[in-house]
Amino acid sequence: MKWQGRRKSGNLEDRRGMGTKGKLAAGGGVIAVVVILLQLFGGETGQQLAPIIEQVGGSQTTQQVQQRELTEQEVVMGNFMATVLADTEDVWNRLFRENNLGDYKEPKMVLFTDAVRTACGNASSASGPFYCPGDQKVYMDLVFFDELKTRFGAKGGDFAIAYVTAHEVGHHIQTILGTSSKVRQLQSQSNQTQANKLSVAQELQADFYAGVWAHHNRQYLQAGDIEEAMSAANAVGDDAIQRRTRGSVNSDSFTHGTSEQRMEWFMKGYNTGNMSNGDTFSAILN
C-alpha cells in the first residue's frame, strides 16, 4: 500500500510504551490464546471481553505504569496507522455526504501495548482489535498482527492491517447509523442461535464496509494488497478457527462468519463501492 508522505489523522492516540503491570496485564498465556481464538476482530465486543479478561487475570490487583521510548519500527507503524485512519476519514466523510447520511463523526484510534482502559472496561492485548461504542474508539495492540501471521496462517503485510482497521471502522459506522443498537435489541429477544446469526450479519457487514473503503482507496493500492486482505479474512473465519482448534465445525456457534463469507462480503464491497449493497442481514437471516 502506498502510504508514505500522505496525510496522517489527528485522531490517533498512541499509548504504546505506556505499559502496565498487574491486573490489566494478567490475561496472557493460555487465556490470551483462548480469547483471541474466540474473538478475532473483536468487533463491538470489547465491552463483553473486558470483564472476562479482568476476571481471569484478577489474581494480581496492583498496577504500575511504565513508559519507554518507541522503537524506530514502532514509530513507522504509528505513522502508517495514522495514514490508514486518515484514508478512512476521507472516504467515509465523502460517502456520508453523497448518501445524505449527515455528518460523519470520525472515530478515534488508540494504539496500546499489553493493556488499556476503555469506556467498555479494561482490556488486554488478548482481546485482539476491537471497537468500543461507549467512547467510539478503535483499540489495537499491533502485536495481534504477528499472531495473525504466525498462529493463524495469514500472509501478513501492511494491507492486512489496513483491512482490519477498516473492519473496525465499519463497526463505528454501524454505531452512528443505529445498526448496532438494533442488533443488540433483536439479540435480547432471540435465542442463542438467532443471536449468533445476527452477530455474523453484523460482522460481515463490517467486512463489506471495509471492502467499500478499499474500493474508494484504490489509487493507493499495490499489487498483492487485496490478496493480503483475503488471506487475513480467510484465516479468521469461524470455520477455519474451529477446524484448526477443535477439529470439527459447529455452524450454530458461529459469531463472525465463515472464511468464504468474510472474503465474499469484503469483495462485494470492493467490487461495487456502493454502501447500499451491504444488507448482510437479509442474506444471513432469511
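**Reading contacts, rings and helices**

Mentor: Start with W3. Leaving aside neighbours within four places in sequence, W3 is in contact with V76, N79, F80, T83 and D158. Contact means heavy atoms within 4.5 Å.

Trainee: What should I know about the model and the numbering?

Mentor: Residues are numbered from 1 along each chain as its sequence is written, and side-chain values use heavy atoms, with hydrogens and water left out. The model is predicted: local features need pLDDT of at least 70, side-chain atom pairs count only at pLDDT 80 or more, and totals for chains, interfaces and linings use all residues.

Trainee: Where does W3 lie?

Mentor: In the segment before β1 (12-14). Helices (H or I, at least four residues) and strands (E, at least two) are DSSP runs, numbered from the N terminus. W3 and D158 are 155 residues apart in sequence, yet their C-alpha atoms are 9.8 Å apart in space.

Trainee: Is W3 buried or exposed?

Mentor: Buried means under 20% relative accessible area, exposed over 50%, partly exposed in between (1.4 Å probe, protein chains only). W3 has 13%, so W3 is buried.

Trainee: How is a pair of aromatic rings described?

Mentor: By the distance of the centres and the angle of the planes. Rings of Phe, Tyr and Trp (its six-membered ring) pair if their centres lie within 6.5 Å; planes under 30 degrees apart are stacked, over 60 edge-to-face, and the rest tilted.

Trainee: How many aromatic pairs does this rule give?

Mentor: Ten. One of them is F159 with W213, which is stacked: 5.9 Å centre to centre, with 10 degrees between the planes. F159 lies in helix α5 (residues 158-177) and W213 in helix α7 (residues 192-215), so the pair ties together parts that are 54 residues apart in sequence. Both residues are buried.

Trainee: How are the rings of F208 and W265 placed?

Mentor: Their centres are 6.1 Å apart and their planes stand at 75 degrees, so the pair is edge-to-face. F208 is in helix α7 and W265 in helix α10 (residues 259-272), so this pair links parts 57 residues apart in sequence. F208 is buried at 0% relative accessibility. W265 is buried too, at 6%. W92, F208, Y209 and W265 form one aromatic cluster.

Trainee: How are two packed helices described?

Mentor: By the angle between their axes and the distance between the axes. Axes are lines fitted to C-alpha atoms, for helices over the stretch in contact; angles run from 0 to 180 degrees between N-to-C directions. Here the axes of α7 and α10 come within 6 Å and cross at roughly 35 degrees.

Trainee: Which residues make the contact?

Mentor: Among them are V200, L204 and F208 of α7, and Q261, W265 and F266 of α10. The contact residues divide into nine nonpolar, six polar and three charged. Here Ala, Val, Leu, Ile, Met, Phe, Trp, Tyr, Cys and Pro count as nonpolar; Asp, Glu, Lys and Arg are charged; the others, Gly among them, are polar.

Trainee: What does phi tell me about N100?

Mentor: Most residues other than glycine have a negative phi. N100 has a positive phi, near 55 degrees. N100 is found in the loop between α3 (72-98) and β4 (108-111). At 69% relative accessibility, N100 is exposed.

Trainee: Where does D114 lie?

Mentor: In the loop between β4 and β5 (115-118). D114 also has a positive phi, about 75 degrees, although it is not a glycine. At 37% relative accessibility, D114 is partly exposed.
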